[in-house]
Amino acid sequence: MNNRVSKLLGVEYPIIQAGMVWASGWRLCSAVSNAGALGVIGSGSMYPHILEENIIKCKAATNKPFAVNIPILYSDIEHHLEIVFRHKIKIVITSAGNPGLYTPALKGHGITVIHVVSSKKFAEKAERAGCDAVIAEGFEAGGHNGREETTSMILIPLVASAVSIPVIAAGGIATGRQMLAAMVLGAEGVQIGSRFVASEEASSHFNFKNAVIHSAEGDTVLTLKELAPVRIMKNRFYNDIVKAVQNGASVEELTKLLGKGRAKKGMFEGDLDQGELEIGQVSALIKDIKPAADIVREIWLQFNEALENPLK
């Protein structure tokens with residue numbers, strides 16, 4: 001598809017694989033890019049030397065465009081940026097913070113900058129900061145979310161009407177038909193996370209992948225709003241959060257309960273009871289684990305079939 005997003009990214013399909021923590025390493029990133037979409041290395045769960053290792057391996061595995069996702073609130077962001085600059089990364093997706101802080105420096109190195117937003121206000125702020133595009137992420141998405149709890153059905157047209165830069169839709173998208181719906185609402189591309197968690201190349205633990213494909217409607221919930229809203233799968237850890245909140249736990253007590261490494265324990269090490277399992281509502285539609293290239297081809301085929309016959 002020859003639209004502003006595919007032109008901006010230099011890809012065949014306007015599909016971006018999200019930079020999910022503990023899932024988006026070089027294997028997944030290179031596989032998605034080789035399939036014609038945009039692969040993304042998720043740096044949010046990586047020490048600087050691990051990020052550098054992933055970039056080097058990804059460059060060896062693909063000659064296609066790929067991106068690095070950098071959460072702005074990450075404590076080691078300065079080291080991550082230094083690595084991105086040194087390895088001449090062409091595309092960076094920023095999230096979880098003020099885009100005005102680092103966009104000028106990224107643009108100064110000739111990098112295409114895309115920022116993840118959860119509201120019209122933040123989309124306008126990203127455009128003013130000089131971002132080349134925004135990812136409008138509805139609250140159906142897995143992982144950290146906006147406090148507004150705006151659904152993709154509302155957020156996409158709100159953002160598309162507010163900015164002149166390309167809008168990429170995210171949150172609740174795993175099929176080509178959903179991709180078409182997002183583009184009818186004003187998006188020019190999509191970012192997809194949960195579907196790629198259930199891929200062979202994702203670095204997430206098999207236990208987590210297996211839990212995703214066996215999940216059902218209502219198995220995820222937006223929680224920890226007292227700290228930072230996050231959508232996770234219901235499990236024993238989530239039940240502990242509910243009990244703590246019911247008992248009047250303070251922010252400090254909730255932070256202690258969350259502890260350190262809870263996401264790694266769940267998504268990377270496979271502890272389905274005590275780990276934090278970040279995944280989107282759309283997991284209820286995902287029923288198999290397959291190669292990332294097959295996922296890209298399936299989504300694109302579904303998109304074109306829906307485009308030809310939207311009422312089927």
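Lys-225 forms a salt bridge with Glu-149, and their closest N and O atoms are 2.7 Å apart; a salt bridge here is a side-chain nitrogen of Lys or Arg within 4 Å of a carboxyl oxygen of Asp or Glu. The model is predicted: local features need pLDDT of at least 70, side-chain atom pairs count only at pLDDT 80 or more, and totals for chains, interfaces and linings use all residues. Residues are numbered from 1 along each chain as its sequence is written, and side-chain values use heavy atoms, with hydrogens and water left out.

**Domains and their interface**

- The protein is assigned domain 1 (4-203 + 286-308) and domain 2 (215-282), with bounds that come from an automatic or database domain assignment.
- The C-alpha centres of domain 1 and domain 2 lie 24 Å apart.
- The contact, meaning heavy atoms within 4.5 Å, takes 21 residues from domain 1 and 17 residues from domain 2.
- Domain 1 and domain 2 bury about 1600 Å² between them, 56% of it on carbon and sulfur atoms; buried area is the accessible area (1.4 Å probe) that two parts lose on being put together, summed over both.
- The interface of domain 1 and domain 2 is crossed by 1 salt bridge.

**Salt bridges**

- The whole structure holds 10 salt bridges.
- One of the pairs is Glu-52 with Arg-86, whose side chains meet at 2.4 Å, N to O.
- Because Glu-52 lies in helix α3 (residues 48-61) and Arg-86 in helix α4 (residues 77-86), this pair ties together parts that are 34 residues apart in sequence; helices (H or I, at least four residues) and strands (E, at least two) are DSSP runs, numbered from the N terminus.
- Arg-86 is partly exposed, with a relative accessible area of 43%; buried means under 20% relative accessible area, exposed over 50%, and partly exposed in between (1.4 Å probe, protein chains only).

**A network of charged side chains**

- Arg-195 and Asp-288 meet through their side chains in a salt bridge of 2.6 Å, N to O.
- Arg-195 belongs to helix α9 (residues 194-197) and Asp-288 to the loop between α13 (262-268) and α14 (292-308), so the pair ties together parts that are 93 residues apart in sequence.
- Arg-195 is buried at a relative accessible area of 4%, whereas Asp-288 is partly exposed at 31%.
- Lys-290 and Glu-298 form another salt bridge, at 3.0 Å from N to O.
- Lys-290 is buried, with a relative accessible area of 17%, while Glu-298 is partly exposed at 28%.
- Salt bridges with shared partners join Arg-195, Asp-288, Lys-290 and Glu-298 into one network.

**Nonpolar surface patch**

- Met-153, Ile-154 and Leu-158 form a nonpolar patch on the surface, with about 290 Å² of accessible area together.
- Patches are made of residues with over 30% relative accessible area and no salt bridge, like charges being joined within 9 Å and nonpolar side chains (Val, Leu, Ile, Met, Phe, Trp, Tyr) within 5 Å.
- Accessible areas come from the Shrake-Rupley method with a 1.4 Å probe; for residues, only the protein chains shown count as cover.
- Met-153 sits in helix α7 (residues 152-162) and is exposed, with a relative accessible area of 56%.

**Positive phi values**

- Lys-88, a residue other than glycine, has a positive phi near 55°.
- Lys-88 is found in the loop between α4 and β4 (91-95) and is exposed at 62% relative accessibility.
- Leu-224, also a residue other than glycine, has a positive phi near 55°.
- Leu-224 is placed in the loop between β10 (220-223) and β11 (230-233) and is buried at 5% relative accessibility.
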